[in-house]
Amino acid sequence: KEKNTDLFGRITGNLGRLEVGAGNWQRAIQYLEKAKQVSPHPEGLQKQIDEIKAKNSGSPTGPSATPP
């Protein structure tokens, strides 16, 4: 189960970073929030989330659909 959790964290973290690159701020935050739930270092992910929100004045853009 630990391997699955680690893999889930890596995948969702990477998806979040890809969404940032694509300009999909809301979706990026959603993925990073999911990664944060299983991360051994959630403070680093929270910092990324805060930076995304700050850059976008707290109003995320992009598709509003939640990730799978």
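Seven residues make up the largest nonpolar core of this predicted model. They are Ala28, Ile29, Leu32, Ala35, Leu45, Ile49 and Ile52. Helix α2 gives the most, with four residues.

Look at Leu45, a member of this core. Leaving aside residues up to four places away in sequence, Leu45 touches Arg17, Leu32, Ala35, Lys36 and Ser39. Leu32 and Ala35 also belong to the core.

Side chains of opposite charge can pair when their charged atoms come close. How many salt bridges does the structure hold? There are two.

One joins Lys36 to Glu33, with the closest N and O atoms 3.4 Å apart. Both residues lie in helix α2 (residues 25–38). They are three residues apart, which is about one turn of the helix. Lys36 is partly exposed, at 23% relative accessible area. Glu33 is partly exposed too, at 26%.

The other salt bridge pairs Asp6 with Arg10. Here the closest N and O atoms are 3.4 Å apart. Where do these two residues sit? Both are in helix α1 (residues 2–22). Because they are four residues apart in that helix, about one helical turn separates them. Is Arg10 buried or exposed? Arg10 is exposed, because its relative accessible area of 57% is over the 50% cut-off. Asp6 has 42% relative accessibility, so Asp6 counts as partly exposed.

Technical notes:
Residues numbered from 1 in each chain as written. Predicted model: local features only at pLDDT ≥ 70, side-chain atom pairs only at ≥ 80, totals over all residues. Heavy atoms only, no water. Salt bridge = Lys/Arg side-chain N within 4 Å of Asp/Glu carboxyl O. Buried < 20%, exposed > 50% of the residue type's maximum accessible area, 1.4 Å probe, protein only. Core = buried A, V, L, I, M, F, W, Y, C linked by side-chain atoms within 4.5 Å. Contact = heavy atoms within 4.5 Å.
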